Amino acid sequence: MSIYETVKEQLDLRTVAEHYCIDSRNGMTACIFHDDRSPSMKLYADHYYCFGCSACGDVTAFTAGLFGISQAEAAQKLAADFGIAEVHCKEKPSIKTKLTVIGERQREQEAFRILCDYCHLLRSARTELAPKSPNEPFHPLFAESLQHLTEYEFYCDIFISGSKEERTEFMNERRNLLNELKRKLTQPLERAETIA
Ligand SMILES: [Zn+2]
């Protein structure tokens, strides 16, 4: 239910008019839409009608006319002035859920990018940093490519063809690994030195 519908459903127009200091006797008041000398506007629970200028509408149209604002703004004002804040809360979860989903997707995309970049780095290390002779010690990245490249490629596959559950499980359990790989990737100087 929109804030507009909720406000309309919950508020009595006569109570609203009284709250905004509109003088009325037997539900009759001076019309707010025309220069009214005698009370020509009748206030009902759910609408108003002016016998002078035929203006009619609901509680939001009334409030909009009274304050010279749009009906959407009037609905917001009524909700605020009459403490119908829970309307907002009811609408929030859907927005919050959307943001959560977007946030999750972005984190997964970032994780995938980190894994791809790191696999690319290790594949390069496999060829470029391979020892030239049997006596040459393994370069750390070359050693890492031997130990972990297959494992990291498997993680990439989770993001390419895995299920939502598999991706979520990976994101929850491998947070530290991702941070570590990200740190290594965002230190190009240190990496260059290591490779050189
Ligand atoms: Zn009128």
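This is a predicted model: local features need pLDDT of at least 70, side-chain atom pairs count only at pLDDT 80 or more; totals for chains, interfaces and linings use all residues.
View 1. Strands (E, at least two residues) and helices (H or I, at least four) are DSSP runs, numbered from the N terminus. Two strands pair if DSSP finds at least two bridges between them. Residues are numbered from 1 along each chain as its sequence is written. Local features need pLDDT of at least 70, side-chain atom pairs count only at pLDDT 80 or more, and totals for chains, interfaces and linings use all residues.

**View 2. Strand S2 (residues 41-43) meets strand S3 (residues 48-50).** Three bridges join them in the antiparallel sense. Leu43 has Tyr48 of S3 as its bridge partner.

**View 3. Helix H3 (residues 59-67) crosses helix H4 (residues 71-81).** Their axes come within 8 Å and cross at roughly 100 degrees. H3 is therefore roughly perpendicular to H4 (65 to 115 degrees; under 35 is roughly parallel, over 145 roughly antiparallel, the rest oblique). Axes are lines fitted to C-alpha atoms, for helices over the stretch in contact, and angles run from 0 to 180 degrees between N-to-C directions. H3 contributes residues including Val59 and Phe67, and H4 residues including Ala74 and Leu78. Contact means C-beta atoms, placed from the backbone, within 7 Å.

**View 4. Domain 1 (3-83) and domain 2 (93-195) divide the protein.** The bounds come from an automatic or database domain assignment. Their centres, taken over C-alpha atoms, are 62 Å apart.

How values were computed
Two residues are in contact if their C-beta atoms, placed from the backbone, lie within 7 Å.
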